[in-house]
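Please read the points below with the sequence and the model at hand.

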Amino acid sequence: SDKYDRKKIIESDIYKNIWYAFHRNGIKIPFPVREIHNFSENTESLNKNREKEEIFKKIEFFKDLTEQEIKELFPRTKSRVYGKNEKIFTEGDEGDSFFVIYKGKVSIIINGDKVATLKKGEFFGEMSLFTGKQRSATAIAEEDLELLVLDKAGFSEIIMNNENIIHKISEAISRREFENEMRNRRQSEINREKDDILIKKKQNSMMEKIKKFFEL
């Protein structure tokens, strides 16, 4: 009896993950279906998109962009869904995409250790989007998940010939990277000036990496 119950749970998880994989790749199950659209559904969809855009505006790397730049950038994002325990990517994978959590939670794992749980409104994968760097961690869906995804192709037209955006993004990434490096070290006010110099050096290097990756 216990084994039978376990079998049903496993089957359910397999079918659910197959459905999510089909959904991500645009595969529809071929059975008769009737779609009915009404005003309330359209309004709900519109409100959902507005909520996603508001989440997107609060992202650290984009918060200094103009309203027009955000309006051009957000439509280039894609929605992607995952089932519980599905891997989004694995440490060492190649990648050029950036993820923002719209629904659910994500576990971030480095060298087999869980280092963070990210929730709605938080993001990950920025280094791969901006520099093409290999994934430095493994990301796994803790529960059913919906992500907003921006890749190199979607970002290229926005960043092209816009030195201001490159400057803002490289500064934000460099500061975040430096803070991560210093997380486990005690910092005093005496070191603040030195820290700013190190961040500036990181930023100059980061700008060159971004320009090279986007062939600017």
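1. A contact, as the word is used here, means heavy atoms within 4.5 Å. Leaving aside neighbours within four places in sequence, F130 is in contact with F61, F62, F155, I169, I173, K209, I210, F213 and F214.

2. The model is a predicted one: local features need pLDDT of at least 70 and side-chain atom pairs count only at pLDDT 80 or more, while totals for chains, interfaces and linings use all residues. Residues are numbered from 1 along each chain as its sequence is written, and side-chain values use heavy atoms, with hydrogens and water left out.

3. The protein chain has seven helices and eight strands; these are DSSP runs, numbered from the N terminus, with helices (H or I) of at least four residues and strands (E) of at least two. Of the contacts in the chain with a separation of 6 or more, 77% are accounted for by residues 24 or more positions apart.

4. Of the 216 residues, 37% count as buried, where buried means under 20% relative accessible area, exposed over 50%, and partly exposed in between (1.4 Å probe, protein chains only). The chain exposes about 14,100 Å², and carbon and sulfur atoms supply 49% of this area. Accessible areas come from the Shrake-Rupley method with a 1.4 Å probe; for residues, only the protein chains shown count as cover.

5. Which residues have the most contacts inside the largest nonpolar core? They are F61, F62, F98, F130, F155 and I169, in a core of 31 residues. Such a core is a set of buried Ala, Val, Leu, Ile, Met, Phe, Trp, Tyr and Cys residues joined through side-chain atoms within 4.5 Å. At least two residues of this core come from each of α2, α3, β3 (97-103), α4 (126-131), β8 (145-151), α5 (152-159), α6 (163-182) and α7 (192-213). Helix α6 supplies the largest share, five residues. Apart from this core lies another, of 15 residues, including Y82, I88, L118 and L147. In soluble globular proteins, nonpolar side chains tend to be buried together.

6. The structure holds twelve aromatic pairs. Rings of Phe, Tyr and Trp (its six-membered ring) pair if their centres lie within 6.5 Å; planes under 30 degrees apart count as stacked, over 60 as edge-to-face and the rest as tilted. F56 and F74 form an edge-to-face pair, because their ring centres are 5.8 Å apart and their planes stand at 65 degrees. This pair links distant parts of the chain, 18 residues apart: F56 is in helix α2 (residues 39-57) and F74 in the loop between α3 (67-73) and β1 (78-82). F56 is buried at 1% relative accessibility, and F74 is buried at 11%.

7. Ring pairs also link F56, F62, F74, F98, F123, F130, F155, F213 and F214 into a cluster. K152 lies over the face of F214, 6.0 Å from the ring centre. The charged end of K120 sits over the ring of Y102, at 5.0 Å from its centre. A charge sits over a ring if NZ of Lys or CZ of Arg is within 6 Å of the ring centre and within 35 degrees of the ring normal.

8. S107 lies in strand β4 (residues 106-110) and is buried, with a relative accessible area of 9%. Leaving aside neighbours within four places in sequence, S107 is in contact with K114, A116, T138, A139, I140 and E142.
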